[in-house]
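This report goes through a structure from its overall make-up to a few individual residues. The sequence and the coordinates come first, and the commentary follows.

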Amino acid sequence: MTRTILGFVARPNKSAAENHCCTFCPDIFQDGLALQTHIKEIHGGTMPYVCKQCGKGYQSPSGLYYHTQASHEMRAFLCPICDARFTRKGSIKSHLMGVHNARQCPKCTALVKFQDYNHHVQLCTKP
């Protein structure tokens with residue numbers, strides 16, 4: 001769908017990296033400056049959730065939370081194989097699969113190679 005926004009025509013064949021999408025509405029802009037102007041003029045441009053440590057602003061409490069976890073606090077999830085640290089449980093699961101080709105058993109928490117995972121879980125006797 002082609003849509004005219006502040007004189008700019010968003011083409012569907014443009015890559016997502018070239019477009020700047022508004023998080024409040026479906027409008028798309030050619031550059032970051034046009035997007036910032038749009039947010040300030042149309043949506044108020046406020047960043048009500050501000051980091052007390054560095055002053056960076058966010059539009060949602062979850063944005064501030066993830067920023068704080070990633071930038072200012074010890075990351076909660078530690079890889080048991082290589083000590084990489086992550087702020088989200090899903091990130092460490094992806095890391096284990098992608099880097100170490102392993103999964104963690106939900107019953108006994110043992111690390112198991114991906115190809116052996118289903119067999120291990122079926123035979124695992126821990127509750």
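Asn-101 is partly exposed, with a relative accessible area of 32%, where buried means under 20% relative accessible area, exposed over 50% and partly exposed in between, for a 1.4 Å probe and protein chains only. Asn-101 sits in the loop between H3 and strand S9 (102-104), and its phi is near 55°, a positive value in a residue other than glycine. Thr-109, which is placed in the loop between S9 and strand S10 (111-113), likewise has a positive phi, near 65°, without being glycine. Most residues other than glycine have a negative phi.

## Model and conventions

This is a predicted model, in which local features need pLDDT of at least 70 and side-chain atom pairs count only at pLDDT 80 or more, while totals for chains, interfaces and linings use all residues. Residues are numbered from 1 along each chain as its sequence is written, and side-chain values use heavy atoms, with hydrogens and water left out.

## Overall make-up

The chain contains four helices and ten strands, helices being DSSP runs of H or I with at least four residues and strands runs of E with at least two, numbered from the N terminus. In sequence order the pattern is β-β-β-β-α-β-β-α-β-β-α-β-β-α. Of the 127 residues in the chain, 24% are buried, and the accessible surface comes to about 9000 Å², with 54% of it belonging to carbon and sulfur atoms; these areas come from the Shrake-Rupley method with a 1.4 Å probe, and for residues only the protein chains shown count as cover. Among contacts (heavy atoms within 4.5 Å) between residues at least 6 apart in sequence, 4% join residues at least 24 apart.

The UniProt annotation "domain: C2H2-type", from an unreviewed entry, covers residues 20-48, 49-72 and 77-105; such annotations may be inferred rather than shown by experiment.

## Helix H2

In H2 (residues 61-71), which includes Thr-68, the buried residues are Leu-64, His-67, Thr-68 and Gln-69, and the buried residues of H2 pack against strand S5 (49-50) and strand S6 (57-58). Thr-68 counts as buried because its relative accessibility is 16%, and a polar atom of its side chain lies 2.9 Å from the backbone oxygen of Leu-64.

## Helix H3 and what follows

His-95 belongs to helix H3 (residues 89-100) and is buried, with a relative accessible area of 13%. Leaving aside neighbours within four places in sequence, His-95 is in contact with Cys-79, Cys-82, Ala-84, Phe-86 and His-100. With His-100 there is a side-chain to side-chain polar contact of 3.2 Å, a polar contact being a pair of N or O atoms within 3.5 Å where, within protein, one must be able to donate a hydrogen and the other to accept it, and residues adjacent in sequence count only if both atoms are side-chain atoms.

Met-97, also in H3, is partly exposed at 31% relative accessible area. Not counting residues up to four places away in sequence, Met-97 touches Ala-102, Arg-103 and Phe-114; Met-97 and Phe-114 are 17 residues apart in sequence and 7.4 Å apart in space, C-alpha to C-alpha. Arg-103 in turn lies over the face of Tyr-117, at 4.1 Å from the ring centre, under a criterion that asks for NZ of Lys or CZ of Arg within 6 Å of the ring centre and within 35 degrees of the ring normal.
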